[in-house]
Every structure is written in structure tokens, then in C-alpha cells.
Amino acid sequence: MILGMDLGSNTLRVALMNEKLDLLKEYEYIIGAAKNLSKSKKISKEAISLLKNALYDLKNQEIDTKNVNAVATAAFRKAINTKEIFDEIYSEFNIKFKTIDAKEEARLSVLGMKHGLSKLGLYANNLAYCDLGGASCEVSFKNFSKSFDFG
């Protein structure tokens, strides 16, 4: 089994897949990491608590996080307390989050949107993609990709 986690500015999304990358189960938790971030420069205690509660929920459902691929996005690039949060998460849950850069966030967002469209039977060339999150906005078109510092 393959487990992936996307810790965004608003949500924690978790996908459990088989070796063929077929989605077996998915989970989504509202975290609100970007809430008040522009003022405080920190992920709030409330968001940290919600994140830990979500991870405990997964643990209680016996989701094996041993080989998880866990990434975090814009809010965690901006926050001054990210390292402390991730150290706590690693200590408590043995999950190592990697903060990805804006370019990688945009690339992965486009892959997700294309996959979602294909599941709906929608195929089109020359689409522009926009991922508006809580702490950033990624815009992509063909080989162009840019992240903006608002969300």
C-alpha cells in the first residue's frame, strides 16, 4: 500500500493507494493552517491541534503511516514555526513532512486537476490551471507556471 499526505494551507488530504496507484481510500481534514498567518507569521496552536487530531484519527483507523510520502505547501513555507511543528509530528507520529517549493506545488496541482478532469471524462488541450489555496495561488499554462503570494 502507498500512502500520500498533502498538508495544505486549509486541509490535510490523505490518499491510500495500491501499487498500481488506484485510489483505495481518501481522507480530508480541515486544519486551517493559513488562518491569521499573515499577521502572526505562525501556524496557530488551534491548527496544530487539528492536525494532530487528524493524525490520531488516521492512527485509530489503523492507517499505516510508516512509508508515507508527506508534503506541505505554502503556509508551511511561510510560517516561522514550521520546523518545531514538524519535529513534534515526527516525534509523535513518525511522519516526516517535506515542505515543497512553489514550483513543485504548481506542478502537482496541475497533475491533480488533470487527473480529476480525466475522471470526469473531460479532456482538453491548452487549458490554464489555477490552484487558489489559503496562502498562495498557482497559475499554470502549457510550460508556464507561477506562484503568487496570496490566497
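**Packing of a helix and a strand residue**

Modeller: The buried residues of α2 pack against β1 (2-7), β2, β3 (23-30) and α4 (82-93). Contact means heavy atoms within 4.5 Å. Buried is under 20% relative accessible area, exposed over 50%, partly exposed in between (1.4 Å probe, protein chains only). Helices (H or I, at least four residues) and strands (E, at least two) are DSSP runs, numbered from the N terminus. This is a predicted model: local features need pLDDT of at least 70, side-chain atom pairs count only at pLDDT 80 or more, and totals for chains, interfaces and linings use all residues. Residues are numbered from 1 along each chain as its sequence is written, and side-chain values use heavy atoms, without hydrogens or water.

Biologist: Within what arc do the buried residues of α2 fall, seen down its axis?

Modeller: The buried residues of α2 are Ala47, Ile48, Leu51, Lys52, Ala54, Leu55 and Leu58. They line one face of the helix, because seen down the axis they fall within an arc (directions from the helix axis to the C-beta atoms) of 155°.

Biologist: Which exposed residues does the face turned away from the buried side of α2 carry?

Modeller: Helix α2 covers residues 45-60. Its face turned away from the buried side carries the exposed residues Lys45 and Asn60.

Biologist: Is threonine 11 buried or exposed?

Modeller: Threonine 11 sits in strand β2 (residues 11-17). Leaving aside neighbours within four places in sequence, threonine 11 contacts Asp6, Glu28, Tyr29, Ile30 and Ile31. With a relative accessible area of 7%, threonine 11 is buried.

Technical notes. The expected span of a helix is 1.5 Å times one less than its number of residues.
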